[in-house]
Amino acid sequence: MSAGPLDPTPLVVGVDGGGSRTRVLLSDAAGTVLARVEGSASALRPGEEHAAAEVIKALIGEALAAAERTESRPAVCVVGVAGAGQERAAQALWSALAKHRVADDVSVQADAVIAMDDAFGDSAGVLLIAGTGSVAYSKAPDGRLERCGGWGPNVGDEGSAHWLGRRALSVVTAATDGREPETALTGAILTALELETLEDVIPWAATAAPGAYALLAPVVAQVAATGDLRANALISFCVEELALHVRTLARRCFSDERASIPVAFAGGLLSRGSLVRKRLEQRLKSAVPGAVIRSDDVDAARGAVRRARRLLGVEV
């Protein structure tokens, strides 16, 4: 809540840019949401910061149009985007957005930072994000910030949707060779990719972005739900990797994983009701006995709006 009366005229915008989609929230200074829009991915990839800025600019324009405020420019825009943890990439995106004049004041943050803003505010806790990529962040009781994972699709992102999709392809190719038992994943993945044979996967994979692999994660979950052994093994492996992220930060920031530790989830792979989330919640009961899991969804775009309002001078 604000400390006093607010001028509702200034606008703030929060952007959550991921590897599969970008979400934009337009709000007034009091925090009233005026528009929500969603579009294509804007995660930062080397040398493609201007392309991400174009996506974000267009979506902010759509949000202003939806709110019938096309003649206005937001006072503050906070962009939380995957890949912005690298200072060079964050600076390049900031420069591109400033050039587009998307707002009077622009702040670029790592996607986890804005998600933490929504999950815990100024309090301590562990946030696990598993969407196209994966990363965990924590704020210790003494205010110290720590990170685990988030090393990108080429060398890390264990337990992410991209990671799960890539391993599913390895399973079906091995099954085709006879190195592994047959699995219903084969037909399901070919259908999802609209391919005729597994040989067609080779040219597809040569040009596929991480977000394309991530689209296979729901296929794995659907097949696992039918009882397929290999799909279930993949889900179990995914859950172990994600639980390890949480346990590592619990020990690093809270000394003992048996202590009471607020834990929140974000990202499409961990949406409420998803198979991965259900199994992860169960696994954490033994892996991190002190975990107190937040049931509400974490909305990173809402966290970006919260930070934008604070930059505007609003007490939130």
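Two strands pair if DSSP finds at least two bridges between them. Strands (E, at least two residues) and helices (H or I, at least four) are DSSP runs, numbered from the N terminus. This is a predicted model: local features need pLDDT of at least 70, side-chain atom pairs count only at pLDDT 80 or more, and totals for chains, interfaces and linings use all residues. Residues are numbered from 1 along each chain as its sequence is written, and side-chain values use heavy atoms, with hydrogens and water left out.

View 1. Strand β6 covers residues 125-130, and six of its six residues are buried, so the rest of the structure largely encloses it. Buried means under 20% relative accessible area, exposed over 50%, partly exposed in between (1.4 Å probe, protein chains only). One face of β6 carries Gly125, Leu127 and Ile129; the other carries Val126, Leu128 and Ala130. β6 runs parallel to strand β9 (residues 261-266), joined by four bridges. Val126 has Val263 as its bridge partner in β9. With strand β7 (residues 134-139), β6 pairs in the antiparallel sense over six bridges. Three residues separate β6 and β7 in this hairpin. Ala130 stands opposite Ser134 of β7.

**View 2. The five-stranded sheet.** This open sheet has the order β3-β2-β1-β4-β5, with mixed pairing. β3 (33-39) and β5 (105-110) are the edge strands, each with a single partner, so one side of each lacks a neighbour in the sheet. Strands β1 (residues 11-17) and β2 (residues 22-28) run antiparallel, joined by seven bridges. Val15 has Val24 as its bridge partner in β2.

**View 3. Helix α3 against helix α11.** Helices α3 (residues 111-120) and α11 (residues 300-312) pack at about 85 degrees, with axes 7 Å apart. Axes are lines fitted to C-alpha atoms, for helices over the stretch in contact, and angles run from 0 to 180 degrees between N-to-C directions. The two helices are therefore roughly perpendicular (65 to 115 degrees; under 35 counts as roughly parallel, over 145 as roughly antiparallel, the rest as oblique). Contact means heavy atoms within 4.5 Å. Contact residues include Val113 and Asp117 of α3 and Ala304 and Arg307 of α11.

**View 4. The largest nonpolar core.** A nonpolar core is a set of buried Ala, Val, Leu, Ile, Met, Phe, Trp, Tyr and Cys residues joined through side-chain atoms within 4.5 Å. The largest has 52 residues; Leu164, Leu185, Ile189 and Leu280 have the most contacts inside it. Helix α9 (residues 229-254) gives the most, twelve residues.
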